[in-house]
Amino acid sequence: MKVIDFTGKTIIVAGAGGIGSSIAAKLNALGGKIILMDICDDAMNHTLSKLNGENYAYHCDFSDVNGIETIINSIIKLHGAIDGFVYCVGIGAVRPLKQSKYGFMQNVMNINFFSFVEIVRCLSLKGHFSPNGMNIVGISALGAFLGNSTKTAYCASKGAMNAAVRCLAKELAPKCIRVNTVAPGVTDTPMAKAAEEYGAGSKEHDAILERQYLGICDPSDVTDAVVFLLSDMSKKITGCCLPVDGGKLSS
């Protein structure tokens, strides 16, 4: 029986709140050295306080795609080649079409999609990833598959991530780099609570459970899927999106 062990591995986790914090903690508990990237220093400090060993944090504004390469180069210079990368950054901004002007759409795409591709580009350069390869997981969303009014920008950004990953997986396979996504259903995070009213007994809660019949996800449910995709247990899986959705896509 295989045992998941990230001892000696250096893993970048972009996004230190909610699901990202849970992912960082689990990877660290399994032996990984964690490098956090986030715009919120408080979130990174809170997550770092839960980790063991030497772990690091880098302030990053993901809306500034052009500034990312400098940050990645600094990380590589100080910490060496990277074994894994998780992109758990996103804004769930919603606006009706009449208010979805280019600037708004561009900002959502910069944060939710373009920065992900830019980090993958930087990490996949020669000498930036482990000689044994690298595993990458992007946190997508069911919005990549299910449309909803006012969510054009958000759903488009997540759909773009899934489409890009299929291409990136094929292009990077000769470098022994695997690339996948995870699409969570409604998950108990601060971001979801800001967008959904799903308190037990509410109409919204009952409506969610009609489709997400296995229940609202916990961040640990998403974390377990990410850990699996980063590990050698998924060594023949690349270019795919793994839904962790409580059954929502099947209903």
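1. C176 sits in the loop between α5 and β6 (177-184); helices here are DSSP runs of H or I with at least four residues, strands are E runs of at least two, and both are numbered from the N terminus. Phi of C176 is near 60 degrees, a positive value in a residue other than glycine. At 48% relative accessibility, C176 counts as partly exposed, a label that falls between buried (under 20% relative accessible area) and exposed (over 50%), using a 1.4 Å probe and protein chains only.

2. A word on the source: this is a predicted model, where local features need pLDDT of at least 70 and side-chain atom pairs count only at pLDDT 80 or more, while totals for chains, interfaces and linings use all residues. Residues are numbered from 1 along each chain as its sequence is written, and side-chain values use heavy atoms, with hydrogens and water left out.

3. T150 is worth a look too: its phi is positive, about 75 degrees, although T150 is not a glycine. Most residues other than glycine have a negative phi. T150 lies in the loop between β5 (134-139) and α5, and is partly exposed with a relative accessible area of 33%.

4. On to α5 itself (residues 152-172). Its 21 residues, at 1.5 Å a residue, should span 30 Å, and the end C-alpha atoms are 29 Å apart, which agrees; the expected span is 1.5 Å times one less than the number of residues. Buried residues in α5 include Y154, C155, M161, V165, L168 and L172.

5. How do α1 (residues 19-29) and α8 (residues 219-230) pack? Their angle is about 50 degrees, with the axes 9 Å apart; axes are lines fitted to C-alpha atoms over the stretch in contact, and angles run from 0 to 180 degrees between N-to-C directions. That makes α1 oblique to α8, since under 35 degrees is roughly parallel, over 145 roughly antiparallel, 65 to 115 roughly perpendicular and the rest oblique. I19, S22, I23, K26 and L27 of α1 meet residues of α8 including P219, V222, D224 and L230, where contact means heavy atoms within 4.5 Å.

6. Helix α3 (residues 68-79) packs on helix α4 (residues 102-123) at about 40 degrees, with axes 10 Å apart. That makes α3 oblique to α4. On the α3 side the contact uses I68, E69, I72 and I76, and on the α4 side S115, E118, I119, R121, C122 and L123.
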